[in-house]
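User: I would like to learn how to read aromatic pairs and chain contacts in a structure. Please take me through an example.

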Amino acid sequence: MSLMTEVGQKAFNLGVPIAVHMDVTYRCNERCVHCYLDHDDHGEMTTDEIKGVLDQLAEAGVFFLTFSGGEVFMRRDFFELVEHARRLMFNVKIKTNAVMIHEEEARRIRELGVDTIQISVYSHRPEVHDAITKLPHSFERTVQSIRFLREQGLRVTIANVLMTANYSDHAGVQQLAAELDAQYTLDPTITPMMDGDTGILALRIPGEELQQVFRNPMLVENQEEFCAPPKAPSETDLEGYPCSAGHSFCYVSPYGDVFPCVQFPLPTGNLRRQKFLDIWNFSPQMQEVRSIQAKHLTVCSSCSHVGSCSRCPGLAYMEGSMRGPSTADCEKSFYRTGVPTANMLRLGLSKPHSTTGDTAHLIQIRPVAVPA
Amino acid sequence: MPENCTYIARSSAIAARALAGEMMVMNSADSTFFTLNEVATAIFQAADGRTPLREIVRDRICEQFDVDPGQAQADAEQFVAELSGHGILLVSNQPLSSEPAR
């Protein structure tokens, strides 16, 4: 077990929120076709409010802090927030489209000691990338910004979200990442809109294509083990918890709402009215999320995949129950191993069936990190 | 100022947080990650750039932990040398500035 994993496990066992994802704005200069956010400003926290939240997060033991959005640089005070966070000695990661990062911004990011900058690149073909972001010349600007950041010696990760419009381009983006000396991660996760609208799920890539991703040695390490049929669940598997959401991780929205995860829209409290630790420790919703072990899952507890499935409780919640199955993860387990899940068998399906009722396929896999 | 006085300060390039009495420290420049035990954490937290290392060892280590002063000083100097080699601590014979560690 690596030291990092050991520390993560310790935080999980102690109930310390070691990592927080904070969206500082939902506003954005791009209009990506797959984005789940409402980009209007409905009352973002002020500079002082966010600084106050950061103070509370530091006191609560948060170490890993991800600033994201929206586009973080839409906030004119963004550097002031990063500066405050670094003064509090957080390990800071920034997720951005990088369009607004020039030489001066890149230099400032380095001076502030930011750990990593994660940047979305959808294709190595400018016309495909720009068609997804709906911002002309965004590919050119993003790639130029990555060069500025790399010139400063900063660690850059290119996040390649796969969808119907670009799923054949991952090799090209991976090559581009190598040319730019950036890390590469692939993520075929498309989530419903925050208001529950599932229309954008039609952009998810077909399951058969996902099979190819799972079997691509350039994208998946230890492929044989990764795609092996599931082992019979042990008692330890059934005593286990689904993920770190609500245990050692949570999400803070630009309006001060606290959720177990960025992909788990269960409101647990608001930082404009409550202290962070009061929400973290005493929110009934947070406590409920924390109480769920694999043995409590209505369908998945009897599934052969329960010990190895990446079932996301947030996606399950969006489907209707945080104790229920996440169809997207059922499909992932099926296409990864070829073995049907308990949820599929329950529904009498020999292969996954979309819950959107149209031709869309529900595919979700967690990001796969591949060395550049 | 005593002769051979050593001052230590935390680098502004690092991230650090206490977890159950142990300090997690990460240097963003090379992503090296450490956890410090209770004694090392006490030295790290006292590394304000103004307090000489000898004083830190005397007041924060020897007073709180049952250790031989000579051995504690030698161990502290080795620890400081190791962390300064990773860019976590700055070392000088003059006072330095440092951020407070939580």
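**Rings and the interface**

Analyst: In this predicted model, Phe67(A) is buried, with a relative accessible area of 0%. Phe78(A) is buried too, at 1%.

User: How many aromatic pairs does the structure hold over all chains?

Analyst: Over all chains there are 13 aromatic pairs. In one of them, the rings of Phe67(A) and Phe78(A) have centres 5.6 Å apart and planes at 80°, an angle over 60 degrees, so the pair is edge-to-face. This pair links distant parts of the chain, 11 residues apart: Phe67(A) lies in strand E2 of chain A and Phe78(A) in helix H3 of chain A.

User: Why is the pair of Tyr251(A) and Phe259(A) stacked?

Analyst: The ring planes of Tyr251(A) and Phe259(A) are at 25°, which is under 30 degrees, and the centres are 5.8 Å apart, so the pair is stacked. Both residues are buried.

User: Which residues do ring pairs link into a cluster?

Analyst: The cluster consists of Phe67(A), Phe73(A), Phe78(A) and Phe79(A).

User: Now the interface. What area is buried between chain A and chain B?

Analyst: Interface size is often given as the accessible area lost when the parts come together. Here the buried area is about 1,900 Å², and carbon and sulfur atoms give 61% of it. The contact involves 25 residues from chain A and 24 from chain B.

User: Which residues form the salt bridge across the interface?

Analyst: The rule finds one salt bridge there. Glu22(B) pairs with Lys10(A), with the closest N and O atoms 3.2 Å apart.

Technical notes. Residues numbered from 1 in each chain as written. Chains lettered and ligands numbered in written order. Predicted model: local features only at pLDDT ≥ 70, side-chain atom pairs only at ≥ 80, totals over all residues. Heavy atoms only, no water. Contact = heavy atoms within 4.5 Å. Buried area = accessible area lost by both parts, 1.4 Å probe. Salt bridge = Lys/Arg side-chain N within 4 Å of Asp/Glu carboxyl O. Phe/Tyr/Trp six-rings, centres within 6.5 Å; stacked < 30°, edge-to-face > 60°. Helix = DSSP H or I, 4+ residues; strand = E, 2+ residues; numbered from the N terminus. Buried < 20%, exposed > 50% of the residue type's maximum accessible area, 1.4 Å probe, protein only.
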